[in-house]
Amino acid sequence: MKQVVQNYKSGELALLDVPVPGCKPGGVLVRSAYSLISTGTELMKVSEAGMSMVGKARSRPDQVAKVMQSVATNGVPATYRKVMGKLDSYTPLGYSLCGVVEEVGAGVDDVKAGDLVACAGNEHALHAELNWVPKNLYAPVPDGLAPRHAAFGTVGSIALQGVRQGESRLGEVALVIGLGLIGQLVVQLLTASGVRVVGVDPDPVRCELAERLGAAACGDPASAAVEATVAELTGGHGVDQVYLAAGGGSNEPVELAARLCRDRGRVVDIGKCRLDLPWNAYYEKELDVRFSRSYGPGRYDPEYELEGRDYPIGYVRWTERRNLACFLDLLARGSVDVEPLVSHIADFDDAVETYRSLKDGELKAVAVLFRYPERAGGAAAPVVAVPAVAVPTASRKPSPVRAARTPVRLAFVGAGNYATSMLLPHLARRDGVELATVVTTTALSAANAQRKFGFAGATTDLDAVLGDKSVDAVFVVTRHSSHAELTRRALLAGKSVFVEKPLALTEDELAGVLAAVEESGNDRLQVGFNRRFAPLLQEANKRFGARTGPASLRYLVNAGRLQHGSWYLRQGTEGSRFAGEGGHFIDTASWLLEADPVSVYAVAASGNEDLQVVLRYPDGSTATISYVTTGAPGFPKETLDVLADGKVLRLDDFVRASVHGPGKWVSSRLPKARDKGQSAQLAAFVKAVRTGGPMPVPLESLVATTAATLAVRAGLAGGAPVTLAGAR
């Protein structure tokens, strides 16, 4: 299928061939009929992409702050790879469309194939021939409403939410500053509510259009006529509400709002304009400044948008989806008319040229629609649904030994940030490796990975990859909740498997993986516990040497706080942070202590995710892992000490290491890149696949580390040490 994309680094726009997205549970696959270009938001994004790197940084100081924090935590090289990987990738455009349901995912019962729906979301209602849309981000289109009008649903919801924030009342007077697409819709919604509207915009054509659509009067912001009209309509008191629907870097809109608003009036920011509030003017009138957040309640809440958890109507009357349905109803009843806003309808094949014309000013428009072919060729490809201890002793089939010059063919399931920044860069330049296929459930991530790393193919069909006998190994680099099931399926298909941590989130998931090993006789499994492969830690361990007595190990992990909205916070589906990350530290401790733990004791600080985990080992050694989320962000992330036999090993965040004892060894004090062992681990895995030799880490150790990680949750619940099954 085709999709409009943009490279944020170069500014390039393209109509790209990408795989068809899979129809996941909890949503529907929609074939686009019309999609709407947001001439404000999208063109701002297109313009930013054309800036220099300095210009991009100035326009997004929030992102610059994140980059600086990443440098402090991960070092310059890793941060550079991550940032450039994101910049030099195709990103999607679009967030408002109307289309026909082509396939219905599990758990959806309010629409069926063939139904017409309006869709929302800058990750789901894209300028693409097909989109997967979760349940709370679509609404059925009322009978008789034209698809091109229904394509305004998302933008209409933004305007509607802004009007709701203004709490307009019958008979009031409102000022709308900025008469672009959102401003024109706000004018109509206010007029339909019995509010008299004055519009402000420097473009006389837009002013005339707003008057035709119901505004009492409109004019240039510098015109004295606007102030005279406001005075006449309000008896000199000023407007009851001001809606800021303008963009740009001028502070004139907020200054005009203060001048024309009545005492204790309301100012609602809908657009993205400068907000240097003149303190005296706003204070003296005690103006109520409000923000309108996109389409309504539910926006930016992953449980609402992605998991389909609705808010009770008794507590939240107007959600994203209810706003969308309400706006569609207003369109169907003729209370709002979007036809006069349609300046241009372009065929989807002409998308790139249309954007160029808009950006260059050749095409002056309030609203532009893309029209899609009635039926594009090809059917939607299937996608894997993610469903919901002792190591097997069955005989295991040996892996075939490959000819020395035959490349190892790899398939990736998932192509997110970790895969593209920490794994694929090492594999793409490794001799003897062929990147065969990348499998994702979203079209663009597969296309980006194929373009950047040279995959031979990209698809959303996992079954086809697992059935491809030429694929030697499968990398599972998806979200945590899918790791165990995807690993199980790949093992049953006879593939060597590299799965990012964690291997499993529950005991049942771990048992399922082991059952697959027993059933297939295939134990060719590696989990992404990379720290034991870190060159600096390996050198320090070698310098520390053998020990005769038990050791005490302390591992401080300054994990830090997650950004709001991070999928790591979805504990209901993705497990706790420690369940997802803790295996790294347990595996490192077990490798250094040369044994698997026999018991786990865990305690947590009240009200946060700070954990103290104590592991006991067969020879009396102990490892204490302090996993802290409330520390200072500038402090090193990982600090490790091992003490035994009168010796001390010290590792400082994979930058410096030292060993103290009869002699003293200190690594270079010059700043180094943090090498946490990914490259060495991948080399060991590829070698094992090529030669048929043992996996880099024995299966027994992988299982023991996973079981110990899972035991932390049981220990927290029970308040007592947990003895691990099979402990020696």
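Predicted model: local features only at pLDDT ≥ 70, side-chain atom pairs only at ≥ 80, totals over all residues.
The buried residues I wrote down for α7 are Leu181, Ile182, Gly183, Gln184, Leu185, Val186, Val187, Gln188, Leu189 and Leu190.

I then checked the length of α7: at 1.5 Å a residue its 12 residues should span 16 Å, and I found its end C-alpha atoms 17 Å apart, which agrees. Just after α7, I came to Gly194, which takes a positive phi of about 85 degrees.

**The nonpolar cores**

Which residues touch the most other members of the largest nonpolar core? I found that, of its 54 residues, these are Phe152, Leu181, Leu185, Val186, Leu190, Phe327 and Leu341. I listed the elements that give two or more residues to this core as β3 (27-37), β6 (116-120), α6 (153-166), β9 (173-177), α7 (181-192), α8 (204-212), α13 (320-332) and β16 (367-371). The largest share, 7 residues, comes from α7.

I followed one member, Leu181, and set aside its neighbours within four places in sequence; Leu181 is then in contact with Leu36, Ile37, Thr39, Phe152, Val155, Leu341, Val366 and Ala367. I also noted a second, separate core of 40 residues, which includes Leu592, Tyr617, Ala623 and Trp665. My reminder to myself is that in soluble globular proteins nonpolar side chains tend to be buried together.

**The whole chain and its surface**

I stepped back to the chain as a whole and recorded 24 helices and 31 strands. Of its 728 residues, 54% count as buried. I wrote down an accessible surface of about 30500 Å² for the chain, of which 53% belongs to carbon and sulfur atoms.

I placed Phe291 in strand β14, which runs over residues 288-291.

**Backbone angles**

Before this search I reminded myself that most residues other than glycine have a negative phi, and that most peptide bonds are trans. I found that Ser294 has a positive phi of about 55 degrees although it is not a glycine, and I located Ser294 in the loop between β14 and α12 (302-305).

Is Ser294 buried or exposed? Its relative accessible area is 15%, and the cut-off for buried is under 20%, so I count Ser294 as buried.

I found Glu594 in the loop between α22 (577-593) and β24 (599-604), and because its relative accessibility is 67%, Glu594 counts as exposed.

Where is there a cis peptide bond? I found one joining Lys501 and Pro502, with omega about -5 degrees. Pro502 is in the loop between β21 (496-499) and α19 (507-520).

**Leu492**

My last entry concerns Leu492, which I found in helix α18, residues 483-492. With a relative accessible area of 34%, Leu492 is partly exposed. Leaving aside its neighbours within four places in sequence, I noted contacts from Leu492 to Ala516, Glu519 and Ser520. I also looked up Leu466, which is 26 residues apart from Leu492 along the chain, and found their C-alpha atoms separated by 9.2 Å.

Technical notes:
Residues numbered from 1 in each chain as written. Heavy atoms only, no water. Core = buried A, V, L, I, M, F, W, Y, C linked by side-chain atoms within 4.5 Å. Buried < 20%, exposed > 50% of the residue type's maximum accessible area, 1.4 Å probe, protein only. Helix = DSSP H or I, 4+ residues; strand = E, 2+ residues; numbered from the N terminus. Contact = heavy atoms within 4.5 Å. Expected span 1.5 Å × (residues − 1). Areas by Shrake-Rupley, 256 points an atom, 1.4 Å probe, with all protein chains shown as cover.
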